[in-house]
Amino acid sequence: MKLRHLKIIENYQTKIMKRKIAILPGDGIGPEIVDQAVKVIKAIEKKFSHSFSYKKGLIGAVAINETGNPYPNETHELCMESDAVIFGAIGDPKYDNDPKAKVRPEQGLLKMRKDLGLFANIRPVQTFQSLIHKSPLRRDLVEGADFVCVRELTGGIYFGEPRGRSEDGNKAYDTCVYTKEEIERVVELAFSFARQRNKRLTVVDKANVLSTSRLWRETVQAMEPKNTDIEVDYMFVDNAAMQIIQGPKQFDVMVTENMFGDILTDEASVITGSLGLLPSASMGVHTSVYEPIHGSYPQAAGKNIANPIATILSAAMLFEYSFKLNEESNLIKEAVDKSLEAQFVTEDLSKEYAKSTSEVGDWIVDYILKK
Ligand code: IPM
Ligand code: MG
């Protein structure tokens with residue numbers, strides 16, 4: 001009897017996890033929504049007796065204002081020594097209409113991606129039963145749609161050299177560059193996602209026009225013989241943009257280069273009914289970063305009205321991917337589902353009975369602690 005008791009304590013103790021989490025709220029609504037995600041992580045920490053430490057860092061326009069640098073060194077070091085990063089949003093209208101601005105908040109995000117080696121951005125596209133009526137698509141088209149976009153995040157036209165302007169200013173250029181190795185590592189990851197799901201992978205490219213796309217296609221084709229359990233198909237990006245609207249249920253895992261992925265994931269996110277609900281994970285060589293896919297929504301900043309769910313679900317992804325704690329992750333997802341079912345939601349989902357950002361966060365925390 002005593003021994004059994006000891007065993008239980010031992011098992012219990014091995015499950016306790018000590019982890020460092022970096023918190024990067026960023027700009028606009030970033031701080032408000034990240035606060036809710038941190039509250040939820042703390043509720044999980046308490047409920048499952050884990051031991052997390054939290055440290056905040058600057059990124060984006062707030063970092064420019066305080067240090068002149070959108071991704072200061074201290075922030076990079078903080079990320080490197082952490083086990084996971086929760087990130088809010090960056091972007092400030094002050095910089096948007098100033099083509100001559102020397103530094104931009106977005107440069108902070110791009111630098112973080114590059115310096116942390118975050119070569120893959122994972123965006124699950126899932127519908128929520130209680131919100132299907134919000135989708136711009138017909139119910140029969142969108143109900144049950146469930147796929148994952150894997151976007152390459154540190155290559156392509158976002159980073160290629162040369163880039164710039166001619167001396168007279170009348171010509172500008174960006175360069176799209178990919179190496180075989182960059183393609184292989186992100187596609188390898190996409191294969192592993194497909195393997196855990198319905199074993200189908202769609203490679204999106206523009207191989208009829210671009211030589212980088214032809215390298216993508218050639219590289220994936222060469223990987224096929226080692227991944228015969230996965231059914232691979234290839235789709236041109238213009239067609240993919242149409243298919244996401246016409247038949248989103250056909251997709252399981254989609255993999256694509258940086259800019260195509262940027263565009264297609266915004267498109268894919270709205271078919272579910274709300275941009276405010278979708279989380280993402282950026283994974284790669286060092287610490288992974290978890291962030292909502294929506295932006296900094298400056299018009300709502302400081303008003304306590306933004307939807308915190310995408311950030312809270314990003315925390316659920318953090319538990320699943322970085323900490324391998326599925327029970328914890330599932331409890332967060334369950335709490336979010338229940339809050340939606342109870343229609344305890346922010347104004348983007350219900351004008352009439354809108355709750356505030358922090359009220360939604362509190363509701364979800366409460367559900368977790370009471371469960
Ligand atoms: C995203 C955003 C960024 C991107 C911007 C803010 C630089 O749109 O994460 O999708 O283009 O990658
Ligand atoms: Mg984008």
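How many salt bridges are counted between domain 1 and domain 2? The count is 0, where a salt bridge is a side-chain nitrogen of Lys or Arg within 4 Å of a carboxyl oxygen of Asp or Glu.

The model is predicted: local features need pLDDT of at least 70, side-chain atom pairs count only at pLDDT 80 or more, and totals for chains, interfaces and linings use all residues. Residues are numbered from 1 along each chain as its sequence is written, chains are lettered from A and ligands numbered from 1 in the order in which they are written, and side-chain values use heavy atoms, without hydrogens or water.

The protein chain splits into domain 1 (17–126 + 278–371) and domain 2 (136–271). These bounds come from an automatic or database domain assignment. The C-alpha centres of the two domains are 24 Å apart.

The size of an interface is often given as the accessible area lost when the parts come together. Here domain 1 and domain 2 bury about 1800 Å², taken with a 1.4 Å probe and summed over both parts. Carbon and sulfur atoms account for 65% of this area. On the side of domain 1, Phe-119, Arg-123 and Val-125 lose the most area, together 39% of what that side buries. Contact (heavy atoms within 4.5 Å) links 19 residues of domain 1 with 21 residues of domain 2.

Polar contacts join 6 residue pairs across the domains, both residues at pLDDT 80 or more. A polar contact is a pair of N or O atoms within 3.5 Å; within protein, one must be able to donate a hydrogen and the other to accept it, and residues adjacent in sequence count only if both atoms are side-chain atoms. Helix H6 (105–115), strand S4 (120–126) and strand S11 (279–283) each supply at least two residues to the side of domain 1 that touches domain 2. S4 gives the most, with 7 residues. Helices (H or I, at least four residues) and strands (E, at least two) are DSSP runs, numbered from the N terminus.

Ligand 1 has residues around it (a heavy atom within 4 Å), including Glu-106, Leu-109 and Asp-262.

Most residues other than glycine have a negative phi, and most peptide bonds are trans. Tyr-297, not a glycine, has a positive phi of about 40 degrees. A cis peptide bond joins Glu-161 and Pro-162, with omega about 0 degrees.

Terms used:
Buried area = accessible area lost by both parts, 1.4 Å probe.
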